[in-house]
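Let's take a walk through this model together, from its overall build down to a few individual side chains. Keep the structure open beside you as you read.

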Amino acid sequence: MNELAPSFTNAQQLMARYPQLGIPHFQRGLVWNDEATALLLESLYSGTPCGNIILWRPQTPDKFGESCMPGEQFADLLVDGQQRTRMLYRALAGTQEDDKGWCLDLTCEPSFGGLLAGDPRANLFVYTAMDPQKRATRYQHNTVPISDLRAADPQVWLSRCQVRVKEGTSPDQIEAALREVRSKVADMQLQPLFGVITLQERDGRYGIDEVVSLYNRINSAGKRVEAE
């Protein structure tokens with residue numbers, strides 16, 4: 001069996017494993033910005049493969065890393081894919097700072113093309129205030145929280161999120177666009193877009209030296225891990 005052959009999983013399954021994941025001491029901290037996270041969410045939304053996640057399962061995980069969620073026991077360490085996994089958890093688990101969260105900008109959604117008043121904006125996903133009244137002016141209309149798209153009655157968020165529909169647009173057109181968007185949002189967490197590779201330390205394989213060497217090869221364009 002090829003231990004480097006990935007098994008594919010979806011975002012929902014990956015997020016369910018999150019409390020049991022850790023960060024190796026040799027890994028860098030979070031460096032992704034909102035733009036990178038927005039592009040990852042867009043990949044999920046469009047069904048684009050999101051690359052491999054490489055996990056390391058050492059015999060003594062506490063010796064080599066710390067939990068992604070302080071206080072939780074963990075078995076696997078994120079050798080590659082830390083940025084994607086941690087930022088995805090923040091976005092999809094609904095963890096917010098200062099009442100902010102990830103929202104979908106309907107002006108960039110093809111299903112709503114030509115149905116909404118207002119010019120298209122730059123990104124399909126934007127990190128902004130959950131309350132439209134607290135947002136910057138440019139995001140007060142036509143931008144809906146992901147959590148609302150997953151759970152709330154469409155008619156509720158059409159009103160609460162101040163979605164502006166062009167005059168002459170029929171209710172049937174809006175209903176069809178709503179169904180399409182809600183289907184895509186539901187599928188974001190269900191499509192197997194992540195390849196997961198687990199390296200288990202056993203029989204002299206995948207000790208710390210071998211895993212650090214692998215990490216350095218993967219990240220050959222960045223700064224190498226120092227000896228300490």
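A word on the ground rules comes before the tour. This is a predicted model, in which local features need pLDDT of at least 70 and side-chain atom pairs count only at pLDDT 80 or more, while totals for chains, interfaces and linings use all residues. Residues are numbered from 1 along each chain as its sequence is written, and side-chain values use heavy atoms, with hydrogens and water left out.

Start with the whole chain. Its C-alpha atoms fill a box of roughly 70 × 35 × 35 Å along the principal axes. Of the 228 residues, 46% count as buried, where buried means under 20% relative accessible area, exposed means over 50%, and partly exposed lies in between (1.4 Å probe, protein chains only). Contacts are heavy atoms within 4.5 Å. Among contacts between residues at least 6 apart in sequence, 74% join residues at least 24 apart.

Now find helix 7, residues 171-187. Its 17 residues should span 24 Å at 1.5 Å a residue, and its end C-alpha atoms are 24 Å apart, which agrees; the expected span is 1.5 Å times one less than the number of residues. Which residues of helix 7 are buried? They are Ile 174, Ala 177, Leu 178, Val 181 and Val 185. Seen down the axis of helix 7, these buried residues fall within an arc of 105°, so they line one face of the helix. That arc is taken from the directions running from the helix axis to the C-beta atoms. Asp 172 and Arg 179, on the other side of helix 7, are exposed. The cover over its buried residues includes helix 2 (34-46), strand 6 (100-105), helix 5 (146-151) and helix 6 (154-160).

Helix 4, residues 82-92, sits in another setting. Ten of its eleven residues are buried, so helix 4 is largely enclosed by the rest of the structure. The buried residues include Gln 82, Gln 83, Arg 84 and Arg 86, along with Met 87, Leu 88 and Leu 92.

Next come the cores. In soluble globular proteins, nonpolar side chains tend to be buried together. A nonpolar core here is a set of buried Ala, Val, Leu, Ile, Met, Phe, Trp, Tyr and Cys residues joined through side-chain atoms within 4.5 Å. The largest one has 44 residues, and Leu 41, Leu 44 and Phe 125 have the most contacts inside it. Leaving out residues up to four places away in sequence, Leu 41 touches Leu 88, Ala 91, Leu 92, Trp 102, Phe 125, Ile 146 and Met 188. Apart from this core lies another, of 14 residues, among them Phe 26, Phe 64, Leu 199 and Val 211.

What about the cysteines? The structure holds zero disulfides, a disulfide being a pair of cysteine sulfur atoms within 2.5 Å. Cys 50 is in none, and the nearest cysteine sulfur, that of Cys 68, is 18 Å away. Cys 50 counts as buried at 9% relative accessibility. Cys 103 is buried too, with a relative accessible area of 0%. The sulfur of Cys 103 is 7.2 Å from the closest cysteine sulfur, in Cys 161, too far for a bond.

Thr 9 has a relative accessible area of 12%, and a polar contact of 2.7 Å joins its side chain to that of Gln 13. Polar contacts are pairs of N or O atoms within 3.5 Å; within protein, one must be able to donate a hydrogen and the other to accept it, and residues adjacent in sequence count only if both atoms are side-chain atoms.

Asn 10 lies in the loop between strand 1 (7-9) and helix 1 (11-17) and is buried at 9% relative accessibility. Its side chain reaches the backbone nitrogen of Gln 12 at 3.1 Å and the backbone oxygen of Leu 190 at 3.3 Å.

Thr 107 is in the loop between strand 6 and strand 7 (125-129), buried at 13% relative accessibility. A polar contact of 2.7 Å joins the side chains of Thr 107 and Asp 105, and the backbone nitrogen of Arg 121 lies 3.1 Å from a polar atom of the Thr 107 side chain.

Definitions and conventions. Helix = DSSP H or I, 4+ residues; strand = E, 2+ residues; numbered from the N terminus.
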